[in-house]
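Here are my notes on the model you asked me to look over. Keep the structure open while you read, and look up each residue as it comes along.

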Amino acid sequence: MVNEYLTIHEARALLDKKEISSVELTQHILKRIEALEPRVKSFVTVMPEVALEQAKAADAAIAAGNIAPLTGIPMAIKDVICTKGIKTTCSSKMLANYVPPYDATVMQKLYAVGAVLVGKANMDEFAMGSSTENSTFFITHNPWDLTRVPGGSSGGSAAAVACGEAVFSLGSDTGGSIRQPAGFTSLVGMKPTYGRVSRYGLVAFASSLDQIGPLTLDVTDCALVMNVISGWDNCDSTSVSIPVPDYTRCFTSDLKGLRIGIPKEYFVKGMQPGVESAMKVAIARLEELGASVDWKVSLPHTSYALAVYYIIAPSEASANLARYDGVKYGYSYPDTDNMWEAMEKTRQFGFGAEVKRRIMLGTYALSAGYYDAYYLKAQKVRTLIRREFDEAFGKYDVLVTPTSPTVPFKIGEKTDNPLEMYLSDVCTLPINIAGVPAISIPAGFDNNLPIGMQIIGKPFAEETILRTAYAYEQATDWHKRRPGI
Amino acid sequence: MENKPKISREEVLHVARLARVGLSEEDVAKFTRQLSNILENFTALEQVDTGGVPPTSQSIPLVNVMKPDEVRPSLIPDEVLTNAPCREGDFFRIRAVLEE
C-alpha cells in the first residue's frame, strides 16, 4: 500500500520502479476523497471514471517508456480553469451547468504529459474572496482545523493537496488566491510572473492581475509543475516568449551570495505575534544558510496597495463579467419576455453577494465623473508601487515577508465585514499589482495552525525564488508535517 | 460617524442600472452602506502625489501584439451551442430587443 501522502517525485519513483501503477495511485486518491470529502469538501466535481481512464492511458505510456515527471500523477484543478467536456462552474450559480467546449492551455499541457485529473476544486465564486466561503455550493474546511477556513480563493485546491486528496493542484492568483491558501494549509504555492503561464481558458476575473500557478507539498514539486505549465502561448497575447528553464536545476543547499531584503511595511499592525516571531526565526535561518539580510528595506507605497487593488480588480471584473447576460451560456432568468429585465434578473440571481459587490464597486470606479478620481488615480499609484519594487530589486535578489498577517481564521469570522476580509490579502496584493513572481512556503506553526513565508522575486526570476525556497525547505521540517485528519 | 456616506442610495441604483444588475431593496440598503465604507477607505489615495506619473494598465513590456490574418478552424458550433440557454438551429435565441 502507498503512503497517505506522496509528493510528485515520491510517486514518480514508485511508478518508475513499477511498485505501483497510476491506476492504483488514482484509486488510492479516490478512496481518500471518499473518506475525507464529507468533512473537508474540497471538490465541486469528482470524476472517478474519467480519472481511471486517464490513469490507464498513463500506465500504457509508462509501459511504453513514454515517461515525463507528471505522467500518471493525480491532480486537482481549480474550477475556474476550463476543462473540455467537464463542468467548469467557478463555484457560481451562473456557471453551475457550464461545460467548456475547449481545454485551457495549461490543461492541454498537463494532459500531454499524462497527468490525471481527479476533480475540479471548490473556490470563492469567480475567484473573489479570501476564504472559499463565497462558493455558491458549500464552504471548504481547512484540514488542519475543520472549524477554520482554508483561505481563498483557491481554497479547494489547497485543502485537496493538504489532506492527500490530490498529489498537486492548480489554482489562480489575482491578489493572493494561491499564496494565501498555501500559507493557510502549509503548502508551497507559487504565483508566477504575469505573462509566464498562459491564461487561455482561465475564466477571467481581473485580466491585468490573474495568473495560474501550482499548489504542492514541496518546492521540488512546484518546480516540476512550473516546468510543464510555463511558456508562451499563441492563444494568450499577454504571455511572454522568454525561454522556460528547467526549474529543478536552480536548487542549491546554501544561499551564499544571495541578497535578501525585508520590507518593514509588511510587518503590519494587526499582525499576530505568533506569525511575527515565526518570521523572525525563519529569516534568521535564511541568514544561517549564507544569505545577507537587510531588515531596513522600505516600500513606502505599500499601504496604498489595498485601495489600488480594490479599485483596479473590481473595475476589470465589472468589464469581464459583463459577458454573463443569460444569452450565450450560463444561468438565464426564465420568467420574462423583456430583454433588459431578463438580463438584470439573470445577474441578480446568478451572481452571489461578493461578485455583485465587486461589479458595483468597479462599475462605480469606471463611471463618468469618478473615472479620474478612482480608476486613473489607482493606475498611477500602481506605477509608483511597481517602481518601488524595481528599485528594491536593484539591491536585493529577493524580498521576504509573511504570506498573511494571521493564521487561518474561523469560518464565519469575517463574512459580515468585506473590508476586514480584504485585509487578509494585504501582504500578497502588492505582488500582483507589480506583476512580479512570489511563492509561499511552510515556515512554522502557531498552535498547530500553519504559517506561510512569502518570497518575492524580480520579473521572470522564478529560479531565484525557488532556489531560496528549496534551501530553506532542506534546512527545516515544516513541509513534512501533515494535518491529523 | 457624522460623515455623509460616500455613495447615495440614488447612486447605487444608477450604478446597478449601468451594470445591469438587479438588486433587491435589501441589497440596495446593504450596498449603500458597504460601498460607502469601502470607498471611505480609498480616500487615502488622494494624499499620494501622482503629478507626472503615467498610469500602468499592465505590468509587462508588450505592446499591440499582432497575429497574421489566417483562416483557422473554429470551435464546433454544435458543441458551443449546447451551453446556450435558448437555441434555435445554429443560433442563440434571445428575447425581443425592439418592442412591437
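The points below go from the contact between the chains to the cores, the salt bridges and some backbone details.

1. **Ground rules.** This is a predicted model, where local features need pLDDT of at least 70 and side-chain atom pairs count only at pLDDT 80 or more, while totals for chains, interfaces and linings use all residues. Residues are numbered from 1 along each chain as its sequence is written, chains are lettered from A and ligands numbered from 1 in the order in which they are written, and side-chain values use heavy atoms, with hydrogens and water left out.

2. **Where the chains meet.** Chain B brings 55 residues to the contact and chain A brings 68 (contact means heavy atoms within 4.5 Å). Together they bury about 5300 Å², with 65% of that coming from carbon and sulfur atoms; buried area is the accessible area (1.4 Å probe) that two parts lose on being put together, summed over both. On the chain B side, Arg20(B), Leu45(B) and Arg95(B) lose the most area to chain A, together 15% of what that side buries.

3. **Polar pairs and who supplies them.** The interface has 17 residue pairs in polar contact, both at pLDDT 80 or more. A polar contact is a pair of N or O atoms within 3.5 Å; within protein, one must be able to donate a hydrogen and the other to accept it, and residues adjacent in sequence count only if both atoms are side-chain atoms. In chain B, helices H1 (9-19), H2 (25-42) and H3 (77-81) each supply at least two residues of the side that touches chain A. Helices here are DSSP runs (H or I, at least four residues), strands are too (E, at least two), and both are numbered from the N terminus. The largest share, 10 residues, comes from H2(B).

4. **The cores.** A nonpolar core is a set of buried Ala, Val, Leu, Ile, Met, Phe, Trp, Tyr and Cys residues joined through side-chain atoms within 4.5 Å; buried means under 20% relative accessible area, exposed over 50%, partly exposed in between (1.4 Å probe, protein chains only). The largest one has 159 residues, and Phe126(A) and Val400(A) are among those with the most contacts inside it. Helix H9 (residues 305-320) of chain A gives the most to this core, 10 residues. Another core lies apart from it, with 14 residues, including Val40(A) and Ile485(A).

5. **Salt bridges.** The rule asks for a side-chain nitrogen of Lys or Arg within 4 Å of a carboxyl oxygen of Asp or Glu. The interface has 2 such bridges, and the whole structure has 24. Lys480(A) and Asp477(A) pair at 3.6 Å, and both are exposed. Within chain B, Arg9(B) meets Glu25(B) at 3.2 Å. Arg9(B) lies in helix H1 and Glu25(B) in helix H2, so the pair ties together parts that are 16 residues apart in sequence.

6. Most residues other than glycine have a negative phi, and most peptide bonds are trans. Check the bond from Gly152(A) to Ser153(A), then: it is cis, with omega near 10°. Phe460(A) has a positive phi near 65°, and Asn64(B) has one near 40°. Asn64(B) sits in the loop between H2 and H3 of chain B and is exposed, at 66% relative accessible area.
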